[in-house]
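Subject: Structure handover

Hello,

Here is the structure you asked about. Please open it and keep it in view while you read.

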Amino acid sequence: MRTRATIAIAALLLGALSACSSSDDAPAARDDGTPSAEPTVSVPAEHEGDDLEAAVAVYTAAYFAGDADTAYAMLSARCAEKVTKDAYAGVLRQAKTDYGPDHLASEVRADVSGEKGLATYKVEGLPKFDRAKQPWALEGDAWKYDAC
């Protein structure tokens, strides 16, 4: 139950972070009703990896909870081509059996450069799953696990 709540909270945080924008910077409309320019959102440097950090938290929680729907959906297109959803679900079931569901990502740090990101984090209670510079890819508007 705690894991599902954590996944739900992390998903909500991820959604909230990606929905943030400022209406104060909206371009003025021209007389014909069309905007004069597309708005741009500038993310302060100290928050550039926030969405990736949230994605890491959601993916890690889903992985150890055996939530194949969530975890598989978070694979990059490149990784999803290498494994079927059923095979991946089997890996997650085994991880949940072997380690239990309550292993969250902690001390998550993200280094983002354009559509590529590197995540460094610890997995609570399972140091052998701690990761350094794990590759992630921005596909559309979502970060996807790309360490296949």
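Where is the place of Glu124? Glu124 sits in the loop between strand 2 and strand 3. Helices (H or I, at least four residues) and strands (E, at least two) are DSSP runs, numbered from the N terminus.

First, some ground rules. This is a predicted model, where local features need pLDDT of at least 70, side-chain atom pairs count only at pLDDT 80 or more, and totals for chains, interfaces and linings use all residues. Residues are numbered from 1 along each chain as its sequence is written, and side-chain values use heavy atoms, with hydrogens and water left out.

Back to Glu124. Glu124 is partly exposed, with a relative accessible area of 35%. The scale is this: buried is under 20% relative accessible area, exposed is over 50%, and partly exposed is in between (1.4 Å probe, protein chains only). Leaving aside neighbours within four places in sequence, Glu124 is in contact (heavy atoms within 4.5 Å) with His103, Leu104 and Ser106. Glu124 and Ser106 are 18 residues apart along the chain, and their C-alpha atoms are separated by 6.6 Å.

Four strands form an open sheet in the order 1-2-3-4, with antiparallel pairing. Two strands pair if DSSP finds at least two bridges between them. Strand 1 (105–113) and strand 4 (142–145) stand at the edges with a single partner strand each, so one side of each has no neighbour in the sheet. From one strand to the next, the twist averages 35 degrees. Strand 1 and strand 2 (residues 116–123) are joined by seven bridges. Val112 stands opposite Gly117 in strand 2.

Two residues in the strands have a positive phi without being glycine. Glu107, in strand 1, has a phi of about 50 degrees. Glu107 counts as exposed, at 53% relative accessibility. Lys133, in strand 3, has a phi of about 55 degrees. Lys133 also counts as exposed, at 62%.

What lies across the strands? Helix 2 (residues 50–65) lies across strand 1, strand 2, strand 3 (131–139) and strand 4. Helix 2 runs at about 135 degrees to strand 1. Axes are lines fitted to C-alpha atoms, for helices over the stretch in contact, and angles run from 0 to 180 degrees between N-to-C directions.

Next, the core. A nonpolar core is a set of buried Ala, Val, Leu, Ile, Met, Phe, Trp, Tyr and Cys residues joined through side-chain atoms within 4.5 Å. The largest one has 28 residues. Among those with the most contacts inside it are Val56, Tyr59, Tyr88 and Trp136. Helix 2 gives the most to this core, with eight residues. Leaving aside neighbours within four places in sequence, Tyr59 is in contact with Ala71, Met74, Leu75, Tyr88, Trp136 and Tyr145.

Last, a pocket. The second largest pocket is lined by 13 residues. Tyr59, Tyr63, Phe129, Arg131 and Tyr145 lie nearest its centre. Helix 2 gives the most to this lining, with four residues. On a 1 Å grid over the protein atoms alone, a pocket is an open set of points where a 1.4 Å probe fits, with protein on both sides within 12 Å along at least five of seven lines; lining residues have an atom within 4 Å of a point.

Best wishes
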